Amino acid sequence: MSDSILGAAPARAPDTWSVGDVTLTSRFLLGTAGYPSPQVLREAIAASGTQVVTVGLKRQLAPANAGGDNGFVEIIRAALKEQGARLLPNTAGCTTAREAVQLAHMARELYDTPWVKLEVVGDDYTLQPDPQELVEAARQLAKDGFTVFPYCTDDLVTCKRLLDAGCPLLMPWGAPIGSGQGLVNPFALRLLRERLPGVVLIVDAGIGAPSHAAQAMEMGYDAVLLNSAVSQSPDPVRMAGAFRQAIEAGRAAHLAGVMARQDFAVATTPVTGNPFLIGG
(Lines give C-alpha, C1' and ligand atoms only; values in the text may rest on other atoms or scores of the structure.)
Protein backbone atom coordinates (compact mmCIF):
# COMPACT_ATOMS: atom_id res chain seq x y z
CA MET A 1 0.00 0.00 0.00
CA SER A 2 1.47 3.32 -1.01
CA ASP A 3 2.28 6.31 1.17
CA SER A 4 -0.31 8.29 -0.81
CA ILE A 5 -3.02 6.14 0.79
CA LEU A 6 -1.67 5.74 4.31
CA GLY A 7 0.30 8.96 4.42
CA ALA A 8 4.04 9.24 4.94
CA ALA A 9 5.38 8.08 8.30
CA PRO A 10 6.04 11.03 10.59
CA ALA A 11 9.69 11.97 11.00
CA ARG A 12 11.15 11.12 14.41
CA ALA A 13 13.90 12.96 16.18
CA PRO A 14 17.15 10.99 16.57
CA ASP A 15 17.13 8.73 19.63
CA THR A 16 20.20 10.02 21.44
CA TRP A 17 21.71 9.71 24.90
CA SER A 18 24.44 11.68 26.61
CA VAL A 19 27.46 11.36 28.86
CA GLY A 20 28.19 14.85 30.10
CA ASP A 21 28.33 17.10 27.05
CA VAL A 22 28.92 14.18 24.65
CA THR A 23 25.84 13.09 22.69
CA LEU A 24 25.73 9.55 21.29
CA THR A 25 23.39 7.70 18.97
CA SER A 26 24.77 4.15 19.22
CA ARG A 27 23.87 2.30 22.42
CA PHE A 28 26.43 -0.45 21.84
CA LEU A 29 29.79 -0.16 23.65
CA LEU A 30 32.35 -2.71 22.47
CA GLY A 31 35.45 -4.20 24.03
CA THR A 32 38.63 -5.03 22.09
CA ALA A 33 40.18 -8.07 23.82
CA GLY A 34 40.54 -11.58 22.45
CA TYR A 35 39.92 -11.05 18.73
CA PRO A 36 41.62 -13.50 16.37
CA SER A 37 43.32 -10.73 14.37
CA PRO A 38 43.53 -6.93 14.11
CA GLN A 39 41.57 -7.00 10.85
CA VAL A 40 38.71 -8.97 12.39
CA LEU A 41 38.61 -6.46 15.24
CA ARG A 42 38.47 -3.58 12.78
CA GLU A 43 35.63 -5.16 10.83
CA ALA A 44 33.74 -6.02 14.02
CA ILE A 45 33.95 -2.42 15.21
CA ALA A 46 32.55 -1.28 11.88
CA ALA A 47 29.75 -3.86 11.94
CA SER A 48 28.77 -2.91 15.49
CA GLY A 49 28.25 0.74 14.68
CA THR A 50 29.68 1.54 18.09
CA GLN A 51 30.73 5.03 19.10
CA VAL A 52 32.56 3.92 22.27
CA VAL A 53 35.36 1.33 22.28
CA THR A 54 36.99 0.10 25.47
CA VAL A 55 40.62 -0.92 25.87
CA GLY A 56 42.47 -2.29 28.88
CA LEU A 57 45.45 -0.10 29.71
CA LYS A 58 47.30 -2.88 31.55
CA ARG A 59 46.98 -5.06 28.47
CA GLN A 60 48.30 -2.33 26.20
CA LEU A 61 51.28 -1.63 28.45
CA ALA A 62 52.26 -5.30 28.69
CA PRO A 63 55.43 -6.21 26.74
CA ALA A 64 54.65 -7.98 23.48
CA ASN A 65 56.83 -10.93 24.48
CA ALA A 66 54.86 -11.28 27.73
CA GLY A 67 51.48 -11.67 26.09
CA GLY A 68 50.64 -8.03 25.44
CA ASP A 69 48.74 -7.13 22.29
CA ASN A 70 50.23 -3.76 21.47
CA GLY A 71 49.86 -4.66 17.79
CA PHE A 72 46.16 -3.90 18.14
CA VAL A 73 46.69 -0.28 19.20
CA GLU A 74 47.08 1.14 15.70
CA ILE A 75 44.13 -0.83 14.34
CA ILE A 76 41.97 0.45 17.20
CA ARG A 77 43.02 4.03 16.53
CA ALA A 78 42.29 3.63 12.82
CA ALA A 79 38.87 2.13 13.50
CA LEU A 80 38.01 4.93 15.92
CA LYS A 81 38.96 7.53 13.32
CA GLU A 82 36.88 5.79 10.63
CA GLN A 83 33.74 5.79 12.78
CA GLY A 84 34.27 8.94 14.77
CA ALA A 85 34.15 6.80 17.90
CA ARG A 86 35.60 7.56 21.33
CA LEU A 87 38.06 5.52 23.35
CA LEU A 88 37.13 4.39 26.85
CA PRO A 89 40.28 3.15 28.67
CA ASN A 90 39.61 0.74 31.53
CA THR A 91 41.42 -0.25 34.70
CA ALA A 92 40.86 -3.99 34.32
CA GLY A 93 43.18 -6.01 36.51
CA CYS A 94 43.28 -3.53 39.40
CA THR A 95 42.45 -4.76 42.90
CA THR A 96 42.88 -1.59 44.97
CA ALA A 97 41.65 1.97 44.70
CA ARG A 98 45.19 3.30 44.70
CA GLU A 99 46.23 1.08 41.79
CA ALA A 100 43.12 2.00 39.78
CA VAL A 101 43.62 5.74 40.34
CA GLN A 102 47.25 5.56 39.23
CA LEU A 103 46.31 3.60 36.11
CA ALA A 104 43.50 6.03 35.26
CA HIS A 105 45.94 8.95 35.37
CA MET A 106 48.28 7.05 33.04
CA ALA A 107 45.38 6.44 30.68
CA ARG A 108 44.49 10.13 30.60
CA GLU A 109 48.08 11.01 29.70
CA LEU A 110 48.38 8.27 27.09
CA TYR A 111 45.01 8.62 25.36
CA ASP A 112 44.19 12.27 26.11
CA THR A 113 40.71 11.53 27.46
CA PRO A 114 39.09 12.12 30.87
CA TRP A 115 36.85 9.10 30.35
CA VAL A 116 37.73 5.96 32.29
CA LYS A 117 35.94 2.69 32.86
CA LEU A 118 36.70 2.01 36.50
CA GLU A 119 37.25 -1.63 37.47
CA VAL A 120 38.43 -2.64 40.94
CA VAL A 121 38.02 -6.39 41.36
CA GLY A 122 37.61 -7.93 44.80
CA ASP A 123 37.31 -11.63 43.94
CA ASP A 124 39.48 -13.54 41.48
CA TYR A 125 36.89 -16.28 40.90
CA THR A 126 33.85 -14.16 40.03
CA LEU A 127 35.73 -10.95 39.13
CA GLN A 128 33.15 -9.20 41.29
CA PRO A 129 33.93 -5.53 42.02
CA ASP A 130 35.11 -4.59 45.50
CA PRO A 131 32.44 -2.07 46.58
CA GLN A 132 34.56 -0.19 49.13
CA GLU A 133 37.64 0.15 46.93
CA LEU A 134 35.45 1.01 43.93
CA VAL A 135 33.66 3.86 45.71
CA GLU A 136 36.94 5.20 47.10
CA ALA A 137 38.57 5.19 43.65
CA ALA A 138 35.51 6.77 42.05
CA ARG A 139 35.47 9.59 44.59
CA GLN A 140 39.14 10.38 44.02
CA LEU A 141 38.91 10.23 40.23
CA ALA A 142 35.81 12.44 40.15
CA LYS A 143 37.72 15.03 42.20
CA ASP A 144 40.57 14.77 39.69
CA GLY A 145 38.27 15.66 36.82
CA PHE A 146 37.61 12.23 35.33
CA THR A 147 34.32 11.08 33.84
CA VAL A 148 34.01 7.78 35.68
CA PHE A 149 32.18 4.78 34.19
CA PRO A 150 32.09 2.42 37.20
CA TYR A 151 31.77 -1.31 36.63
CA CYS A 152 29.67 -2.42 39.60
CA THR A 153 27.22 -5.05 40.76
CA ASP A 154 23.45 -4.59 40.77
CA ASP A 155 23.43 -3.66 44.48
CA LEU A 156 21.27 -0.56 44.88
CA VAL A 157 23.10 0.83 47.93
CA THR A 158 26.52 0.58 46.28
CA CYS A 159 25.12 2.22 43.15
CA LYS A 160 23.79 5.15 45.18
CA ARG A 161 27.18 5.59 46.85
CA LEU A 162 28.88 5.67 43.46
CA LEU A 163 26.51 8.41 42.32
CA ASP A 164 27.21 10.34 45.53
CA ALA A 165 30.94 9.94 44.81
CA GLY A 166 30.51 11.82 41.54
CA CYS A 167 29.90 9.15 38.89
CA PRO A 168 27.62 10.45 36.10
CA LEU A 169 26.40 6.94 35.23
CA LEU A 170 26.49 3.33 36.40
CA MET A 171 27.53 0.07 34.73
CA PRO A 172 25.97 -2.83 36.68
CA TRP A 173 26.86 -6.35 35.63
CA GLY A 174 24.40 -8.77 34.10
CA ALA A 175 26.53 -11.73 35.20
CA PRO A 176 30.23 -12.38 35.94
CA ILE A 177 32.60 -11.12 33.24
CA GLY A 178 32.97 -13.48 30.30
CA SER A 179 30.43 -15.99 31.63
CA GLY A 180 27.85 -15.46 28.89
CA GLN A 181 25.05 -16.18 31.35
CA GLY A 182 22.98 -13.14 30.44
CA LEU A 183 20.89 -11.25 32.99
CA VAL A 184 20.98 -13.60 35.98
CA ASN A 185 19.11 -11.23 38.31
CA PRO A 186 16.56 -9.34 36.23
CA PHE A 187 14.66 -8.34 39.39
CA ALA A 188 17.66 -6.38 40.71
CA LEU A 189 18.26 -4.76 37.32
CA ARG A 190 14.62 -3.73 37.03
CA LEU A 191 14.76 -2.33 40.56
CA LEU A 192 17.80 -0.21 39.67
CA ARG A 193 16.01 1.15 36.62
CA GLU A 194 12.90 1.98 38.65
CA ARG A 195 14.73 3.56 41.60
CA LEU A 196 17.20 5.54 39.48
CA PRO A 197 14.99 6.83 36.66
CA GLY A 198 17.17 9.79 35.67
CA VAL A 199 20.52 7.99 35.74
CA VAL A 200 22.29 6.58 32.68
CA LEU A 201 22.52 2.81 33.21
CA ILE A 202 24.64 0.52 31.05
CA VAL A 203 24.60 -3.27 31.48
CA ASP A 204 28.23 -4.39 31.50
CA ALA A 205 29.52 -7.97 31.65
CA GLY A 206 27.98 -11.43 31.38
CA ILE A 207 26.02 -10.95 28.17
CA GLY A 208 26.41 -13.93 25.85
CA ALA A 209 23.73 -13.63 23.18
CA PRO A 210 21.97 -10.84 21.29
CA SER A 211 18.73 -11.79 23.06
CA HIS A 212 20.35 -10.89 26.40
CA ALA A 213 21.20 -7.44 25.08
CA ALA A 214 17.69 -6.95 23.74
CA GLN A 215 16.27 -7.92 27.14
CA ALA A 216 18.38 -5.26 28.87
CA MET A 217 17.27 -2.61 26.42
CA GLU A 218 13.60 -3.61 26.77
CA MET A 219 13.98 -2.97 30.52
CA GLY A 220 14.88 0.61 29.74
CA TYR A 221 18.65 0.46 30.11
CA ASP A 222 20.44 3.12 28.14
CA ALA A 223 23.16 0.98 26.57
CA VAL A 224 25.03 -2.32 26.69
CA LEU A 225 28.77 -3.00 26.91
CA LEU A 226 30.20 -6.38 25.97
CA ASN A 227 33.30 -8.01 24.57
CA SER A 228 33.58 -11.80 24.81
CA ALA A 229 30.24 -12.54 23.16
CA VAL A 230 31.61 -10.96 19.99
CA SER A 231 35.34 -11.70 20.16
CA GLN A 232 34.85 -15.38 21.07
CA SER A 233 32.25 -16.03 18.40
CA PRO A 234 33.38 -18.15 15.41
CA ASP A 235 32.28 -15.16 13.29
CA PRO A 236 32.90 -11.99 15.33
CA VAL A 237 31.95 -9.61 12.52
CA ARG A 238 28.55 -11.17 11.93
CA MET A 239 27.96 -11.41 15.68
CA ALA A 240 28.78 -7.72 16.13
CA GLY A 241 26.12 -6.93 13.53
CA ALA A 242 23.64 -9.22 15.27
CA PHE A 243 24.17 -7.42 18.58
CA ARG A 244 23.75 -4.07 16.89
CA GLN A 245 20.36 -5.13 15.52
CA ALA A 246 19.28 -6.68 18.84
CA ILE A 247 20.17 -3.54 20.80
CA GLU A 248 18.31 -1.36 18.33
CA ALA A 249 15.28 -3.69 18.45
CA GLY A 250 15.27 -3.79 22.25
CA ARG A 251 15.43 -0.01 22.44
CA ALA A 252 12.60 0.36 19.92
CA ALA A 253 10.49 -2.11 21.91
CA HIS A 254 11.08 -0.12 25.11
CA LEU A 255 10.06 3.13 23.42
CA ALA A 256 6.99 1.51 21.87
CA GLY A 257 5.95 -0.07 25.18
CA VAL A 258 6.10 -3.80 25.88
CA MET A 259 2.70 -5.30 26.76
CA ALA A 260 2.06 -6.24 30.38
CA ARG A 261 2.41 -9.91 31.29
CA GLN A 262 -0.75 -11.75 32.35
CA ASP A 263 -1.26 -14.83 34.51
CA PHE A 264 -4.15 -15.98 32.34
CA ALA A 265 -5.19 -16.16 28.72
CA VAL A 266 -6.64 -13.06 27.09
CA ALA A 267 -8.43 -13.57 23.80
CA THR A 268 -6.85 -11.49 21.06
CA THR A 269 -9.99 -11.64 18.92
CA PRO A 270 -13.06 -11.45 21.19
CA VAL A 271 -16.27 -12.60 19.49
CA THR A 272 -18.86 -12.06 22.20
CA GLY A 273 -21.33 -9.39 21.20
CA ASN A 274 -19.91 -9.03 17.68
CA PRO A 275 -21.40 -10.42 14.44
CA PHE A 276 -19.24 -12.88 12.54
CA LEU A 277 -19.62 -15.35 9.71
CA ILE A 278 -19.10 -19.12 9.84
CA GLY A 279 -18.41 -21.05 6.69
CA GLY A 280 -18.20 -19.88 3.11
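**Helix H6 and its two partners**

Tutor: This is a predicted model. The protein chain exposes about 14600 Å², with carbon and sulfur atoms supplying 53% of that area. Of its 280 residues, 46% count as buried. The chain holds eleven helices and ten strands. Take contacts between residues at least 6 apart in sequence: 64% of them join residues at least 24 apart.

Now to H6. Two packed helices are described by the angle between their axes and the distance between the axes.

Start with H5, residues 97-111. H5 and H6 pack at an angle of about 35°, and their axes lie 8 Å apart. The crossing of H5 past H6 is right-handed. On the H5 side, the contact uses Ala97, Ala100, Val101, Ala104 and His105. H6 answers with Glu133, Glu136, Ala137, Gln140 and Leu141. By class, this contact has six nonpolar, two polar and two charged residues.

Next comes H7. H6 spans residues 131-143 and H7 spans residues 156-164. Their axes are 9 Å apart, at an angle of about 15°. Angles under 35 degrees count as roughly parallel, so H6 is roughly parallel to H7. H6 passes H7 in a right-handed crossing. Here H6 contributes Pro131, Leu134, Val135 and Ala138. H7 contributes Thr158, Arg161 and Leu162. The class count for H6 with H7 is five nonpolar, one polar and one charged.

How values were computed
Residues numbered from 1 in each chain as written. Predicted model: local features only at pLDDT ≥ 70, side-chain atom pairs only at ≥ 80, totals over all residues. Heavy atoms only, no water. Axes fitted to C-alpha atoms, helices over the stretch in contact; angles between N-to-C directions. Helix = DSSP H or I, 4+ residues; strand = E, 2+ residues; numbered from the N terminus. Parallel < 35°, antiparallel > 145°, perpendicular 65-115°, else oblique. Left-handed = near helix turned anticlockwise from the far one by under 90°. Contact = heavy atoms within 4.5 Å. Nonpolar A, V, L, I, M, F, W, Y, C, P; charged D, E, K, R; others polar. Buried < 20%, exposed > 50% of the residue type's maximum accessible area, 1.4 Å probe, protein only. Areas by Shrake-Rupley, 256 points an atom, 1.4 Å probe, with all protein chains shown as cover.
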